[in-house]
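My entries follow in the order I looked things up.

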Amino acid sequence: AVLSLVGGGVALGLLRMGRTRQSAALTWGATVLGYGGLLGSAVGLLVVFNPWLTGAPFGQGLIWNGLFLAYLAPAVIYFALGWFSTGKRPPVYSNGALALGALLAATWINLSIRHGFHPVRLTLGPTTDAELYTYSVVWLIIGVGAMAAGIYMASRVVRIASVVILGLVAAKVFLIDMAGSEGILRAVSFIGLGATLVGIGLVYQRVLSSGGARPAANKPDQAPESG
C-alpha cells in the first residue's frame, strides 16, 4: 500500500508540476513511477496481499483501518492520476489509472462489507444470506447513483458503467442470492429487483430518446424590442 501511494502520489505530483513539461527526464520519471504504481497495486493489493485471500489482520475499526490506507487512499490517487493525465499521457496510461482506481474502490467496498460481518479475519466464518444481500443492496444503490450521475453530467461512459454494475447485481441476485432463499424472501427479492430494473430501464430509455443531454435551464422571456 505504501509503495502504491508513493508511486501514484509522486507520479501525480510530477504530472502537476509545470517544470515536468519542460524536462524529458521528469516526464520519463513520472511515467515510469505511474506504470510501476499501477502494476504494483494491481498485482499486490488485488491479488497477492488481498486480506480476503490471505486472512491477514488489518485492524478492528469499521472504517478507519488498514483497508482505508491500502485501498481507498490509492483509489483516490489513481483516479486523480487518470483524470489529470488524460490527453497528456498515452490512453493506456490514463485509462489504466482510472480503471485501477475503480477496482481499488470496488475492492474497498466489498472488503469493508466483509469486515462488518467478519471483524476478526475475513477468512473466518461462513458467508450468510444477510451478507450476500448486503453486497447486492449496496451495489444496487451505487449503480442507481452512478446512473443518476451519468444522466446529470450527460456522460455516456458513466451511464454505461452504471448499466454494467446493475447487470452484475441482477445476475448475482438471481444466480447466488436467491439460490438459497425460499418462500416469501425469494418472492420479495424477485419482485423488488424486478421493479427496480424496470424503473431504471424506463429512465434510461427516456434519456436515450432525448439524446442523453441535460435539459437547458429555463430562461426568462425577453420582451420584444419596440419599433
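What should the 25 residues of helix 2 span, and how far apart are its end C-alpha atoms? At 1.5 Å a residue I expect 36 Å, and the ends lie 34 Å apart, which agrees. The expected span is 1.5 Å times one less than the number of residues. I took helices as DSSP runs of H or I with at least four residues, and strands as E runs of at least two, numbered from the N terminus.

Ground rules next. This is a predicted model, in which local features need pLDDT of at least 70 and side-chain atom pairs count only at pLDDT 80 or more, while totals for chains, interfaces and linings use all residues. Residues are numbered from 1 along each chain as its sequence is written, and side-chain values use heavy atoms, with hydrogens and water left out.

**Helix 2, continued**

I looked for a bend. Helix 2 has a kink of about 25 degrees, centred on Ser41. The bend at a residue is the angle between axes fitted to the seven residues ending there and the seven starting there. Ser41 is also among the buried residues of helix 2, which include Gly34, Gly37 and Gly44. I call a residue buried under 20% relative accessible area, exposed over 50%, and partly exposed in between (1.4 Å probe, protein chains only).

**Nonpolar patch**

Which residues form the nonpolar patch on the surface? I list Leu39, Val43, Val47, Val48, Phe49, Trp52 and Leu53, with about 710 Å² of accessible area together. Patch members have over 30% relative accessible area and no salt bridge; like charges are joined within 9 Å, and nonpolar side chains (Val, Leu, Ile, Met, Phe, Trp, Tyr) within 5 Å. Areas come from the Shrake-Rupley method with a 1.4 Å probe, and for residues only the protein chains shown count as cover. Helix 2 (24-48) and helix 3 (51-54) each supply at least two residues. Helix 2 gives the most, with 4. Leu53 sits in helix 3. I mark Leu53 as exposed because its relative accessibility is 60%.

**Aromatic pairs**

I counted 3 aromatic pairs. Rings of Phe, Tyr and Trp (its six-membered ring) pair if their centres lie within 6.5 Å; planes under 30 degrees apart are stacked, over 60 edge-to-face, and the rest tilted. Tyr35 and Tyr93 have ring centres 5.0 Å apart and planes at 85 degrees, so I log them as edge-to-face. Tyr35 lies in helix 2 and Tyr93 in helix 5 (residues 91-117), so this pair ties together parts 58 residues apart in sequence. Tyr35 is partly exposed at 34%, whereas Tyr93 is buried at 1%. Trp64 and Phe68 form a tilted pair, 5.0 Å centre to centre with 50 degrees between the planes. Trp64 is exposed at 64%, and Phe68 is partly exposed at 24%.

**Salt bridge**

How many salt bridges are in the whole structure? My search finds 1, taking a side-chain nitrogen of Lys or Arg within 4 Å of a carboxyl oxygen of Asp or Glu. Glu131 and Arg114 make it, at 3.0 Å, N to O. Glu131 lies in helix 6 and Arg114 in helix 5, so the pair ties together parts 17 residues apart in sequence. Glu131 is buried at 0%, and Arg114 is buried at 5%.

**Ala154**

Last check: backbone angles. Ala154 is not a glycine, yet its phi is positive, about 55 degrees. Ala154 sits in the loop between helix 6 (129-153) and helix 7 (156-175).
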